[in-house]
Amino acid sequence: MKIRIDAVSDVGCVRTNNEDMALIFGEQLRDDTMKITFELRDDERFTAIVADGMGGYERGEEASAMATESFEKFLNGLAPDLDDSAIVMALKKWCQQINAEILAAASGSGMGTTFTGILTYGGHVFVVNIGDSRTYRLRYDYLKQLTTDHSERERMGDESVPSNLIYNALGAEGAFIDVLQTKIVAGDKFIVCSDGLTDMIGDEAIEKILSQGGDADALVAAAKEAGGLDNITVIIMEVAE
């Protein structure tokens, strides 16, 4: 299938450093943009991941870099011809391993990172999630959030709870990974983003921008216009018609 990738990682309007890291087809992306189009074979392994680091200056950067680098090695090291259940088990094992590594590196500093996005293996497409960064799908101009936020606001169903209170992340005791398999159709757009986007503009605004042909730059610009209080990373993965 033919894939178009449009990605931006931006520091935003307030922060002095960018703790986000994207992982796209083996390339780490921070404070940069990427626009590529390619044919994805069924036997190819592909990632479109966003990790939003936490823990203050440099420590969050380190955690998101560790997670994305580790995941690329994990994906490349997977044995061929695994079935779906084996992939899920392998992902859960990877989550435990990298979480232990980040906890050890943190030395009690509170360093951690969210982790969400798309991976393909053997022609199958999986959505993974740890924390409150998000993966969406835009299909027929309808935006659907595919991931569930691991936030206290979501768990309690109370919009008054601060959005930055999360109960699951790499670098936290008992971290876990959600995995779901999804089907894709021509024209689908998957949007993988840090909360620097979704805390600034809501789903309706995201849907409107995308439905009107807006790209990753347009989404980042809208978040910055709304205040840009956090780092903003957006990957748009389009399955070409």
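Residues are numbered from 1 along each chain as its sequence is written, and side-chain values use heavy atoms, with hydrogens and water left out. Because the model is predicted, local features need pLDDT of at least 70 and side-chain atom pairs count only at pLDDT 80 or more, while totals for chains, interfaces and linings use all residues.

A pair of aromatic rings is described by the distance of the centres and the angle of the planes. Rings of Phe, Tyr and Trp (its six-membered ring) were taken to pair if their centres lie within 6.5 Å; planes under 30 degrees apart count as stacked, over 60 as edge-to-face and the rest as tilted. A search of the whole structure gave 8 aromatic pairs. In one of them, Phe71 and Phe74 are tilted, with 5.5 Å from centre to centre and 35 degrees between the planes. These two residues are 3 residues apart in helix α1 (residues 59–77), and therefore about one helical turn separates Phe71 from Phe74. Helices (H or I, at least four residues) and strands (E, at least two) are DSSP runs, numbered from the N terminus.

Phe71 also pairs with Trp94, in an edge-to-face arrangement with centres 4.9 Å apart and 70 degrees between the planes. Phe71 belongs to helix α1 and Trp94 to helix α2 (residues 84–106), so this pair ties together parts that are 23 residues apart in sequence. Both Phe71 and Trp94 are buried (under 20% relative accessible area, where exposed means over 50% and partly exposed in between, with a 1.4 Å probe and protein chains only). The relative accessibility of Phe71 is 0%, and that of Phe74, also buried, is 15%. Phe71, Phe74, Trp94 and Phe115 together form one aromatic cluster.

A charged side chain lies over a ring at Tyr167: Arg155 is placed over its face, 3.9 Å from the ring centre. The criterion is that NZ of Lys or CZ of Arg is within 6 Å of the ring centre and within 35 degrees of the ring normal.

Side chains of opposite charge can pair when their charged atoms come close. A salt bridge was defined as a side-chain nitrogen of Lys or Arg within 4 Å of a carboxyl oxygen of Asp or Glu, and 16 were found in the whole structure. Asp10 and Lys224 form one of these, at 3.4 Å from N to O. Asp10 is in strand β1 (residues 2–10) and Lys224 in helix α6 (residues 216–225), 214 residues apart. Asp10 is buried at 18% relative accessibility, whereas Lys224 is partly exposed at 30%.

Another salt bridge joins Lys35 and Asp215 (3.8 Å, N to O). Lys35 lies in strand β4 (residues 33–39) and Asp215 in the loop between α5 (203–211) and α6, so parts 180 residues apart in sequence are tied together. Lys35 is exposed at 53% relative accessibility, and Asp215 is partly exposed at 28%. Salt bridges with shared partners join Asp6, Lys35, Asp215 and Asp217 into one network. Asp43 and Arg41 also form a salt bridge, at 2.9 Å from N to O, and both residues are exposed.

Lys189, in strand β12 (residues 189–193), is buried yet has no salt bridge. The nearest side chain of opposite charge is that of Glu238, 4.5 Å away (Lys and Arg count as positive and Asp and Glu as negative; His and the chain ends are not counted). Neighbours within four places in sequence aside, Lys189 is in contact with residues including Tyr136, Leu210 and Glu238, where contact means heavy atoms within 4.5 Å.
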